[in-house]
Structure formats: C-alpha cells, structure tokens
Amino acid sequence: MDTTTRDPADVMEAVGFRGIRLAAIGDDGDVLVAFGHHDPDVVAAAMTELGQAVLGWTLPVEADEVDQRWGHIMTSCETCDSKPDCRECAIIRSHDGGWMAYDDETDGPGRFPIMVVDVS
Ligand SMILES: [Zn+2]
C-alpha cells in the first residue's frame, strides 16, 4: 500500500484541540502525538484537554514532557525484510494505513514532524 500521498494525521484519525491535530496511539492510548512542530506550551495544553476529556487522564501534560520527534508510517516491521510468515509484519499490515513509528530523533525520507508525550 502506498501511504506516501496520505496525510498521516488522517491515517491516525487525528482530532483537533486548540488548532493542533492530535492522535492517541499505543494499545492503551498512553501516547499522544501532535502532528507538526508547535509551541510546546500550546501542545501541552491541547494534549491535556484531549487526555482529560477523552482518555481519563487526571494530570496535566507539562511542556517539558513533550518531545519533538519525527514519525514515519510503517507497513511492515523493519527488522525481518518483510518475511511472509512474520507475525509482527502481519499485525502491522492488519492496520489500515499502517503503523506510525513515533520516535525518530532526526528528519529523513518519508518522515514528518510530530511532538510526543508518553504517560505510560
Ligand atoms: Zn516482519
């Protein structure tokens, strides 16, 4: 599947808070991603609103907890060369649009700017 023409915020079903598009990822919704690089104070406020309104978080997100990263969309795992019998590849492929890796520390081909908070 070619995901290069799709907006990652649409793939991840982002919602808007304070003009910033956010998506909850991870099995328990304990990782929030903001699409784009923004003022950390605004991102923290938007993440606090989403976390408390939708995810049941009780504590606010602080600006210094928000990491500036780059994401990329994965349609197979990146360690097995897409072996046909790879269980991890099958799980990733089962998600429409693929999975988003959210911890790249540098920009590169296919990467897009994000900001991340992990409260797990
Ligand atoms: Zn694999």
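How far apart are the end C-alpha atoms of helix α2, and what span should its 14 residues have? The legends below take up this question and then turn to the surroundings of the helix in this predicted model.

**View 1. The length of helix α2 (residues 40-53).** At 1.5 Å a residue, the 14 residues of this helix should span 20 Å, and because its end C-alpha atoms are 20 Å apart, the expectation and the model agree.

**View 2. The buried and exposed residues of α2.** The buried residues of this helix are V43, A44, A46, M47, L50 and G51. Seen down the axis of α2, these buried residues fall within an arc of 165°, so they line one face of the helix. An α-helix has 3.6 residues a turn, so residues three or four places apart point the same way. On the face of α2 that is turned away from the buried side, one finds the exposed residues D41 and A53.

**View 3. Strand β3 and its pairing with β2 and β6.** With β2, strand β3 pairs in the antiparallel sense over four bridges, and with β6 it pairs, again in the antiparallel sense, over five bridges. Residue A34 of β3 can be followed in both pairings: A34 is the bridge partner of L22, and the bridge partner of A34 in β6 is M115.

Methods. Residues numbered from 1 in each chain as written. Predicted model: local features only at pLDDT ≥ 70, side-chain atom pairs only at ≥ 80, totals over all residues. Helix = DSSP H or I, 4+ residues; strand = E, 2+ residues; numbered from the N terminus. Expected span 1.5 Å × (residues − 1). Buried ≥ 20, exposed ≤ 12 C-beta atoms within 10 Å, placed from the backbone. Arc of directions from axis to C-beta. Pairing = 2+ DSSP bridges.
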